[in-house]
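This briefing goes through one protein model by topic. Please look at the sequence and the structure before reading the points below.

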Amino acid sequence: MQTGIPTRLWIAAVVLLLAAAAVAIGSGIGPALIALVGGGVALAIGRLASPVDEPTPAPAPPPPRDPVLPEALDQIVAPILLVRHGRVEFANRAAIALFGGHILGEDVRIAIRHPAAADRLASGTTGVDDRPIELTGLGTPDQRWEMRTGDVSDGRRIIQLIDRTGSYAAERMRVDFVANASHELRTPLASILGFIETLGDEAGEVPAVRARFLKVMFDEARRMQRLVEDLISLSRIEAEKFRLPNDPVDLGPLIEEICAELHAAGGQRGRDLVCKPAEGMPAVWGDRAQLSQVIHNLIGNAMKYGRAGTPVVIALGPTADNMVRLAVTDEGDGIAPEHVPRLTERFYRVDSGRSRSLGGTGLGLAIVKHIIERHRGRLDIGSKPGVGTTVAIILPAALSSRRNEGVTGPGA
Ligand code: ADP
């Protein structure tokens, strides 16, 4: 125990008392008293002047562990590891789900098992280089991760993995879309340029040949025009996707209008149209021009891919959950089930040659999907190979005078 009075001062006090006693025995009590007082003063001065032995500082207590911290880290959806001396000391729930519970206590480089990660983790502290590292092959083969590391002041290292699969897929889609669109435009353009060149030769002087070439060039130019129009449509719809359409639109009269227009346009397929909108249907919240585009696209597909001479039926009716359902049914070859989930991808076609020869751009159902998403509706494609296809859109009914006042369906 520390008393505060060092040992050497005790020894000096005892020596002083002995000296005073010796003086008292030899010369009487007066000089002894003086010696005692003088010695005491000297001792006090010495005590003040000489430093007291410093107590050895006790080691700093470890920083208090926060009992809620592991629980809090478990709530974070990104996998997180805490590493001490190169070993995994803690892994949150997401990290255990990704790597397995066995990683606790393991060398972190073995736990993560990725060459790029191992290089970074072998490099001691990370204060120098905190650039994220891209990792693939953790979890499922197509998952993409970004690994970030940081140092905690108590010597531990924190490692977090951020799932970038979604943004990587979006970037891939964007790149593929640009490549596909360029390819779709380049093909008719090359054909037009080829025919212009040929028309410049003697072939252009034969009226029948010239007429045939001009017809092909016109068709190819029309194809380019349709594609450009669909691309513009798609980008407009995407730009507006967060703006909810809020005009009440009566689908019954809109269907009648479109059917009348297609009948008037003539042609066999126009006569095959059968319009059956139910009476007294509630309006839907919508953008009339966009809903008209959806109906045109669905009827157009049913006419293209349905067998000639068979009916194309447009029906409108209620659903059990207060929505309005518009369905277009054809009697065509139908679609094999494996294609159905991909039909709304841009430029996805079951049979590219057939689609092109029928004037398809491969963007019709992608446009439909985006418009219906903007309307907070659903798209439902049902098909039986050899029997036919029904494509239906289901939209929230406008049951009150203003959007969001009444039951308007999901997401309203
Ligand atoms: P396209 O311009 O090629 O018609 P869409 O995006 O409208 O493009 O449709 C994508 C593909 O879905 C079509 O190429 C076709 O293969 C298929 N498809 C769409 N509607 C039907 C239908 N009613 N019957 C059969 N196949 C269809």
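With -85° about the S-S bond, the link between Cys259 and Cys275 is left-handed. This is a predicted model, in which local features need pLDDT of at least 70 and side-chain atom pairs count only at pLDDT 80 or more, while totals for chains, interfaces and linings use all residues. Residues are numbered from 1 along each chain as its sequence is written, and side-chain values use heavy atoms, with hydrogens and water left out.

**The disulfide**

- The structure holds one disulfide (a pair of cysteine sulfur atoms within 2.5 Å).
- The disulfide joins Cys259 to Cys275, with an S to S distance of 1.6 Å.
- Cys259 lies in helix 9 (residues 251–264) and Cys275 in strand 7 (residues 273–277), so the pair ties together parts that are 16 residues apart in sequence.
- Helices (H or I, at least four residues) and strands (E, at least two) are DSSP runs, numbered from the N terminus.
- Cys259 counts as buried because its relative accessibility is 3%, whereas Cys275, at 24%, counts as partly exposed.
- Buried means under 20% relative accessible area, exposed over 50%, and partly exposed in between (1.4 Å probe, protein chains only).

**The protein overall**

- The protein has 13 helices and twelve strands.
- Of the 412 residues in the protein, 35% are buried.
- Among contacts (heavy atoms within 4.5 Å) between residues at least 6 apart in sequence, 58% join residues at least 24 apart.

**Helix packing**

- Two packed helices are described by the angle between their axes and the distance between the axes.
- Axes are lines fitted to C-alpha atoms, for helices over the stretch in contact, and angles run from 0 to 180 degrees between N-to-C directions.
- Angles under 35 degrees count as roughly parallel, over 145 as roughly antiparallel, 65 to 115 as roughly perpendicular and the rest as oblique.
- A crossing is left-handed if the near helix is turned anticlockwise from the far one by less than a right angle, and right-handed if clockwise.
- The axes of helix 7 (residues 165–200) and helix 8 (residues 207–239) come within 9 Å and cross at roughly 160°, so the two helices are roughly antiparallel.
- The crossing of helix 7 and helix 8 is left-handed, and the residues of their contact divide into 19 nonpolar, three polar and four charged.
- Ala, Val, Leu, Ile, Met, Phe, Trp, Tyr, Cys and Pro count as nonpolar, Asp, Glu, Lys and Arg as charged, and the others, Gly among them, as polar.
- Helix 8 also packs with helix 13 (residues 364–374), at an angle of about 20° and with the axes 10 Å apart, so helix 8 and helix 13 are roughly parallel.
- The crossing of helix 8 and helix 13 is left-handed, and the residues in contact include Leu234 and Ile237 of helix 8 and Ile367 and Ile371 of helix 13.
- Helix 9 packs with helix 11 (residues 288–305) at an angle of about 50°, with their axes 11 Å apart, which means that helix 9 is oblique to helix 11.
- The crossing of helix 9 and helix 11 is right-handed, and their contact has nine nonpolar, two polar and three charged residues.

**A buried loop residue**

- Leu343 sits in the loop between strand 10 (323–330) and helix 12 (352–357).
- Leu343 counts as buried because its relative accessible area is 9%.
- Not counting residues up to four places away in sequence, Leu343 touches Ile335, Tyr348, Val350, Leu365 and Ile381.
- Leu343 and Leu365 are 22 residues apart along the chain, and their C-alpha atoms are separated by 6.7 Å.
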